[in-house]
Amino acid sequence: MAGSSHGHTPAAWTGVTIAFIGFAVAGAFMVMAEPIGFWAGMAIVALGGVVGGIMRAMGLGMPTDTHPVHQVAATREPAGAES
């Protein structure tokens, strides 16, 4: 996976960073026993997914037709097709 550039796009980095901040916020408020803060952190996590999806739709993600993994899968022969 490391050689396929999986997730190395602005959309992926931004979405994961926002989600990470949300998990940190939710975790801190869970330890402090504050349910409102916990749910606010979970909302931030969801916001990370939404922002990443919007950025991908805007063209800041990796297109699937140029992704190396999809190109390799398309050129392989089906299993059992040996002559």
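Predicted model: local features only at pLDDT ≥ 70, side-chain atom pairs only at ≥ 80, totals over all residues.
Me: What share of the residues in the chain is buried?
Reply: A residue counts as buried when its relative accessible area is under 20%. The chain has 83 residues, and the buried part of them makes up 18%.

Me: What percentage of the contacts with a separation of 6 or more is between residues 24 or more positions apart?
Reply: A contact means heavy atoms within 4.5 Å. Take the contacts in the chain with a separation of 6 or more; the part from residues 24 or more positions apart is 56%.

Me: How many Å does H2 reach from its first C-alpha to its last?
Reply: Helix H2 covers residues 35-60, which gives 26 residues. At 1.5 Å a residue, 38 Å would be expected, and the value in the model is close to that. From first C-alpha to last, H2 reaches 35 Å.

Me: Which helix do the buried residues of H2 pack against?
Reply: Let's begin with the residues themselves: Gly37, Gly41, Val45, Gly48, Gly52 and Met55 are buried in H2. An α-helix has 3.6 residues a turn, so residues three or four places apart point the same way. The partner of these buried residues is helix H1 (10-31).

Me: Is isoleucine 54 exposed or partly exposed, and how many Å² does its nonpolar patch have?
Reply: Isoleucine 54 is found in helix H2. Its relative accessibility is 46%, so it counts as partly exposed. Together with Leu47, Val50, Met58 and Leu60, Ile54 makes a nonpolar surface patch of about 470 Å².

Me: How far apart in space are alanine 46 and glycine 15?
Reply: Alanine 46 is in helix H2, and it is partly exposed because its relative accessible area is 46%, between the cut-offs of 20% and 50%. Alanine 46 and glycine 15 are 31 residues apart in sequence. In space, C-alpha to C-alpha, they are 9.3 Å apart.

Me: Which residues is phenylalanine 29 in contact with, leaving aside its neighbours within four places in sequence?
Reply: Phenylalanine 29 has its place in helix H1, where it is partly exposed with a relative accessible area of 29%. The C-alpha atoms of phenylalanine 29 and glycine 41 are separated by 8.1 Å, although the two are twelve residues apart along the chain. Its contacts beyond those neighbours are Glu34, Gly37 and Phe38.

Me: Why is the pair of phenylalanine 38 and tryptophan 39 given the type it has, and what is that type?
Reply: The count comes to one aromatic pair. The ring centres of phenylalanine 38 and tryptophan 39 are 4.9 Å apart and their planes are at 75°. Planes over 60 degrees apart fall in one class, so this pair is edge-to-face.

Me: Where is alanine 33, and what is its phi?
Reply: Alanine 33 lies in the loop between H1 and H2. Its relative accessible area is 60%, so it is exposed. Although alanine 33 is not a glycine, its phi is positive, at about 55°.

Technical notes
Residues numbered from 1 in each chain as written. Heavy atoms only, no water. Buried < 20%, exposed > 50% of the residue type's maximum accessible area, 1.4 Å probe, protein only. Patch = residues over 30% accessible without salt bridge, like charges linked within 9 Å, V, L, I, M, F, W, Y side chains within 5 Å. Areas by Shrake-Rupley, 256 points an atom, 1.4 Å probe, with all protein chains shown as cover. Salt bridge = Lys/Arg side-chain N within 4 Å of Asp/Glu carboxyl O. Helix = DSSP H or I, 4+ residues; strand = E, 2+ residues; numbered from the N terminus. Expected span 1.5 Å × (residues − 1). Phe/Tyr/Trp six-rings, centres within 6.5 Å; stacked < 30°, edge-to-face > 60°.
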